[in-house]
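User: Could you take a close look at the packing in this model for me? I'd like one connected walk through the contacts, with the actual residues.

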Amino acid sequence: MKPAAKAPRILIADDQQDVLEALRLLLKPEGFTVETATSPAALIAAAESHDFDVALIDLNYARDTTSGAEGIDLLKRLRALDPTLGVVVMTAWASIELAVEAMRQGARDFVQKPWENHRLMAIISTQAALTQALRRGQRLEAENLVLRGDSGPSLIAESPAMKPVLQIISRVGPSEANVMITGEHGVGKGVVAQALHGVSQRGSRPLITVNTGGLSETLFESELFGHVKGAYTDAKTDRVGRFELADSGTLFLDEIANVPLSQQARLLRVLETGEFERVGSSRTRRVDVRIISATNADLHSEVAAGRFREDLLFRLNTVEIRVPPLRDRREDIPALAMHFLRPRSERYRKRITGFAPDAMQALMAHPWPGNVRELDHAVERAVLMTEGDTIRASDLALRPARESGSRLEDMSLEEVEAFLIKKALARYQGNVSQAASALGLSRSALYRRIQRYSL
Ligand SMILES: Nc1ncnc2c1ncn2[C@@H]1O[C@H](COP(=O)(O)OP(=O)(O)OP(=O)(O)O)[C@@H](O)[C@H]1O
Ligand SMILES: [Mg+2]
């Protein structure tokens, strides 16, 4: 999907063919995309099926040629369909009262027939720009809720094992290719996604993340595609979905293996065509989005087991980046540990400058089943425990991985829970859905625990 130059889209409705023709001839050469409708029904159908910036509508139709009541009704229906659409009304009877009434009902401007070309052009251009600004504003508002305030963590990758990862990022980052990032929990798939987005042409546009693993099946649709007021009993207002938020930017689909089969077809369609509908609406919307996805599961075996659509996988993994586990790139440990140490000591108002040799040795030797995230948490814990200005091995309190499972009676309830979850995940090769059903938890409940225990 290429970023589309946003030519303003104008919808014109009038029951006189020659009026439509004249307006088309006027607007097309100015770079507007023009669609026309000769009846109220055709106008509504067009507005339902596509996004327009401006609707230029005549207020009088054959059925009721003078009162304009039908025109006002049309105006209301257009406004209900899309409050950001700029509606400009035309009236041939020079009835100022009707124009005033239309403005009161939400028309943005009005023109009287016969119109003056330059005035009409000025109105249409202004209203198109205003519509686009309003929609951007609506998106920005929602983006601010989604985006984190900071500029995101930098990617530390000094080890030979991370070389190929850096190479692929710099090679395919700037392209439009969909990228799938694979790797165990906590290896830094999220950071790699940010780096990819950061070096792309979309870098100044939003990177919107959806944690598909944490969503229930019903939430999934409205989260991704949005919904309209009334689509559900508790849908009190329209909601902008993540695809719309990510328009002209990047959408990061995290934990992609957990997208329920029932939703995979919908996802495939928007990846193929850029088109989708908000839940409860029949109006097709178009977006230009680059997809980065991530998973810790082996999607090829998910495909073989019939749990993941092969066509969807092929859409997602044009390029694949495998992020190696931390135990295979121990050279990165010192830099990562320092990277986490600074902000943590600031947060807890401590003046810790580094790690004692025995602490660094312990860090280098630990197996890190929870990868970089586990390292981050270990450093945070140590910062809290440390009394001097350097962290010592005893502050880290790293236990060999095996020990935690040895004596049930020494474990806290949380440790037992984490232990059981770890076992279930290992048994199902990291497949959260299967592990969840084995544990008798919902997928999202299990997902929350995985995050909590950094598994
Ligand atoms: N190479 C790195 N440089 C700096 N920080 C990193 C790096 N890798 C991971 N981190 C940090 O470690 C933590 C875990 O990384 P991240 O959330 O990206 O892992 P993940 O692979 O997406 O995990 P999960 O599979 O659980 O979603 C984050 O706080 C991230 O900022
Ligand atoms: Mg992640």
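Analyst: First, a cut-off: two residues touch here when they have heavy atoms within 4.5 Å of each other. Also keep in mind that this is a predicted model.

Let's start with Pro 8, which sits in the segment before β1 (9-13). Leaving aside residues up to four places away in sequence, Pro 8 touches Gly 31, Phe 32, Thr 33, Asp 53, Ala 128 and Gln 132. Take Asp 53 from that list: Pro 8 and Asp 53 are 45 residues apart along the chain, yet their C-alpha atoms are separated by 6.0 Å.

On to the helices. α2 (residues 40-49) packs with α3 (residues 69-81) at an angle of about 10 degrees, and the axes are 10 Å apart. Because of that angle, α2 counts as roughly parallel to α3. From α2 come Pro 40, Leu 43, Ile 44, Ala 47 and Glu 48, and they meet Glu 70, Leu 74, Arg 77, Leu 78 and Leu 81 of α3. Sorted by class, that contact has 7 nonpolar and 3 charged residues, with no polar ones.

α8 (residues 217-225) and α10 (residues 261-273) also pack at about 10 degrees, with axes 10 Å apart, and so this pair is roughly parallel too. Here Glu 217, Phe 220, Glu 221, Leu 224 and Phe 225 in α8 meet Ser 262, Gln 263, Arg 266, Leu 267 and Val 270 in α10. The make-up of the contact between α8 and α10 is 5 nonpolar, 2 polar and 3 charged residues.

Last stop, the ligand. Ligand 1 has 19 residues around it, and Ile 156, His 185, Gly 186, Lys 189 and Arg 373 come nearest. Taken alone, ligand 1 would expose 620 Å², and the protein buries 89% of that.

As for where the shell comes from, α7 (189-198), α13 (333-347) and α15 (371-385) each give at least two residues to it. Its class breakdown is 8 nonpolar, 6 polar and 5 charged residues.

Conventions. Residues are numbered from 1 along each chain as its sequence is written. Chains are lettered from A and ligands numbered from 1 in the order in which they are written. This is a predicted model: local features need pLDDT of at least 70, side-chain atom pairs count only at pLDDT 80 or more; totals for chains, interfaces and linings use all residues. Side-chain values use heavy atoms; hydrogens and water are left out. A residue is near a molecule or strand if one of its heavy atoms lies within 4 Å of it. Accessible areas come from the Shrake-Rupley method with a 1.4 Å probe; for residues, only the protein chains shown count as cover. Helices (H or I, at least four residues) and strands (E, at least two) are DSSP runs, numbered from the N terminus. Ala, Val, Leu, Ile, Met, Phe, Trp, Tyr, Cys and Pro count as nonpolar, Asp, Glu, Lys and Arg as charged, and the others, Gly among them, as polar. Axes are lines fitted to C-alpha atoms, for helices over the stretch in contact, and angles run from 0 to 180 degrees between N-to-C directions. Angles under 35 degrees count as roughly parallel, over 145 as roughly antiparallel, 65 to 115 as roughly perpendicular and the rest as oblique.
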